[in-house]
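This report describes selected features of one protein chain. Please consult the sequence and structure shown here while reading.

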Amino acid sequence: CEKQGYSRGLWNSSLNKAPLSAKTNRIIGGRAPSIYLAKLEQDHRIPADRVDEILRTHQINPSLLRANAFEEFLRDRAARLLDLIEQAMGKTLLGRDSDEIIREFGAPLAPSAIRLTDC
């Protein structure tokens, strides 16, 4: 992320975090998702569809991760997590299209149009 010039506030945020074992974290080792996912699948003989299934449980769209589409990945994951918060509260969250959100994410965080089961 540093090499790509992404803001530390974005790549170090909770949006870019998921529980990982120390071993998996070493596999990632600062590589792009397209590279570390392929290495994980190859080294541990895990089918890509199983990896995608695991990613979805973390509200991660595998297609965006595999495409190294970092900004889109963050917007999508933020929207998905906000969707879960809305569902838990039974209320619609305001401010997804605020100036602050647009400044930080480059676009509004509209409710997710694609459910993770559709990815």
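This is a predicted model: local features need pLDDT of at least 70, side-chain atom pairs count only at pLDDT 80 or more; totals for chains, interfaces and linings use all residues.

## Nonpolar core

The largest nonpolar core comprises 17 residues. Those with the most contacts inside it are Leu 37, Leu 55, Leu 65, Phe 70, Phe 73, Leu 74 and Phe 105. At least two residues of this core come from each of α1 (8-11), α3 (33-44), α4 (48-57), α6 (70-89) and α7 (99-105). Of these, α6 gives the most, with four residues. In soluble globular proteins, nonpolar side chains tend to be buried together.

Beyond its neighbours within four places in sequence, Phe 105 is in contact with Leu 10, Leu 15, Leu 74, Arg 75 and Ala 78.

## Helix α3

The twelve residues of α3 should span 16 Å at 1.5 Å a residue, and this agrees with its end C-alpha atoms, which are 16 Å apart.

Pro 33, Tyr 36, Leu 37, Leu 40 and Glu 41 are the buried residues of α3. Viewed down the helix axis, the buried residues of α3 fall within an arc of 135 degrees and therefore line one face of the helix. An α-helix has 3.6 residues a turn, so residues three or four places apart point the same way. The cover over the buried residues of α3 includes α2 (22-28), α4 and α5 (62-66). Arg 45, which follows α3, has a positive phi, near 50 degrees.

## Arg 96

Arg 96 lies in the loop between α6 and α7. Arg 96 counts as buried because its relative accessibility is 8%, under the 20% cut-off.

The side chain of Arg 96 reaches the backbone oxygen of Ala 110 at 3.4 Å. Leaving aside neighbours within four places in sequence, the contacts of Arg 96 include Ala 79, Leu 82, Asp 83, Glu 86 and Ile 101, as well as Pro 108, Leu 109, Ala 110 and Pro 111.

Key
Residues are numbered from 1 along each chain as its sequence is written. Side-chain values use heavy atoms; hydrogens and water are left out. A nonpolar core is a set of buried Ala, Val, Leu, Ile, Met, Phe, Trp, Tyr and Cys residues joined through side-chain atoms within 4.5 Å. Buried means under 20% relative accessible area, exposed over 50%, partly exposed in between (1.4 Å probe, protein chains only). Contact means heavy atoms within 4.5 Å. The expected span of a helix is 1.5 Å times one less than its number of residues. The arc is that of the directions from the helix axis to the C-beta atoms. A polar contact is a pair of N or O atoms within 3.5 Å; within protein, one must be able to donate a hydrogen and the other to accept it, and residues adjacent in sequence count only if both atoms are side-chain atoms.
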